[in-house]
Amino acid sequence: MSASTSSEPSRLTHRHWLALAVAVVPLALYAFSPREGDLPLYFRTARAFLDGAVPNRDFRFEYPPYALLWFVPATWAGGDLRGFILAFGLQLTLIDAFIKWLLLSEGVRRWGTAWRAWVPFAAYSVVSWLQSVHYLKRYDLIPAALALAALVALMRRREGQAGALLAVGTVTKLYPAVLVPLALAVCWRRGSKPTRALLTGLIAGVLPLFPMSLVWPWWRFAAFHVERGLQVEAFSAGLLWAAHLMGFAHVQWVHAPAAYELHGADAEMVRAVTRQVWIAGLLLAVAVSVRAAWRRPPVHIEDLARLTLVPLVAFVILNPVLSPQYLIWLTGAAALALLSGTVAPSAVLLVAAAITRGLFAGSTYKTGWQPSFTLLLLARNAMVLYAGLAWAREAWRWGRPGVAALPEAKDAPAPTPPP
């Protein structure tokens with residue numbers, strides 16, 4: 001089927017709404033699961049806050065300050081832990097529905113009635129089901145939705161909205177901050193008015209931090225993360241654990257306050273090197289994405305998605321801390337990148353996110369992975385690294401003078417003008 005033209009309707013039909021319901025219902029049912037994940041921690045901190053305690057003064061709060069505000073409604077509505085688990089799960093289900101609606105809407109705006117309009121939504125839906133163990137048992141879906149909505153707002157030339165979404169996402173989970181330089185580069189090329197709008201949105205999003213700081217030392221959460229060790233799922237940790245299993249290194253598998261980590265002299269050395277590589281690699285990835293956007297601003301939403309994935313993947317895969325839910329940060333943009341051009345990096349990353357669940361199914365995660373699960377971890381991390389390098393190479397080539405924009409299918413319709 002050929003793609004629709006830009007003059008055809010780009011609104012969702014009853015088929016799209018039915019598909020959206022089918023994609024969301026399994027997760028709504030999973031919200032009733034008694035599995036806890038990190039939810040007891042969220043409940044205890046929000047309950048203490050509602051009872052009058054001050055975070056990072058009366059109790060430790062290890063997340064950026066806006067995160068706590070997302071826990072309060074479910075705590076208030078749920079009453080006890082069991083009620084919170086249900087209420088927070090349903091809250092995340094609504095956010096999941098919002099993400100899938102965005103993917104469907106962008107697909108239809110880009111391709112109309114063509115089959116490719118369905119690809120991002122379908123791919124993301126399958127991966128979301130497979131990730132359900134941590135998808136609805138962590139709060140990472142919230143900043144992921146904010147970051148994805150910011151990308152859509154930026155491409156629809158709603159720069160102020162994009163800035164506010166990035167700011168709120170950053171003060172919820174930090175990582176959206178790596179997208180701010182790219183957004184600034186895109187807006188700078190558009191002119192002074194879009195740049196001012198983006199900066200205004202960014203400032204508005206962080207303004208509440210100033211009155212909050214008078215009663216809440218929210219910045220102390222950073223000290224907790226600075227002290228964290230080498231998490232067992234990180235790229236370098238996987239290699240080190242494999243070396244340990246083969247007798248080339250000696251480390252201990254330890255249950256630390258926030259995660260399982262590798263400890264010992266070898267682990268400390270690898271952690272120090274990993275942090276340096278992480279910072280250098282992230283700065284380089286941000287520079288590559290900004291360079292590409294500056295030389296040739298993104299035309300379609302999938303162009304921007306690919307550029308955002310360069311720093312996002314670097315932030316995740318080079319990090320000395322890599323929890324399974326971190327891949328949720330990547331899957332929305334990876335799904336959007338399927339709208340045109342090469343599909344290999346997106347497909348590989350989405351498969352990596354899907355197989356992450358296998359790392360915990362029947363494994364000895366609490367005492368140290370067996371060789372088979374170590375191989376699965378190494379494969380998963382290698383797939384994420386491959387996808388990031390592929391997008392970085394594409395962005396670097398795209399930024400060269402005289403090189404066309406990111407490749408797209410020949411029958412792609414003209415972009416729909418922003419409303």
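1. In β3, Q231 has E261 as its bridge partner. Strands here are DSSP E runs of at least two residues, and helices are H or I runs of at least four, both numbered from the N terminus.

2. A quick word on the basis: this is a predicted model, where local features need pLDDT of at least 70 and side-chain atom pairs count only at pLDDT 80 or more, while totals for chains, interfaces and linings use all residues. Residues are numbered from 1 along each chain as its sequence is written, and side-chain values use heavy atoms, leaving out hydrogens and water.

3. Those pairs belong to an open sheet of 3 strands, in the order β1-β3-β2 with antiparallel pairing. β1 (230-231) and β2 (252-255) are the edge strands, each with a single partner, so one side of each has no neighbour in the sheet. Two strands count as paired if DSSP finds at least two bridges between them: β1 and β3 share 2 bridges, and β2 and β3 (residues 260-263) share 4. A hairpin of 4 residues links β2 to β3.

4. Do have a look at helices α14 (residues 265-295) and α15 (residues 301-317), which pack at about 180° with axes 8 Å apart. Axes are lines fitted to C-alpha atoms over the stretch in contact, and angles run from 0 to 180 degrees between N-to-C directions. The two helices are therefore roughly antiparallel, a label for angles over 145 degrees. Contact (heavy atoms within 4.5 Å) involves residues including W278 and L282 of α14 and L307 and F315 of α15.

Definitions and conventions
Parallel < 35°, antiparallel > 145°, perpendicular 65-115°, else oblique.
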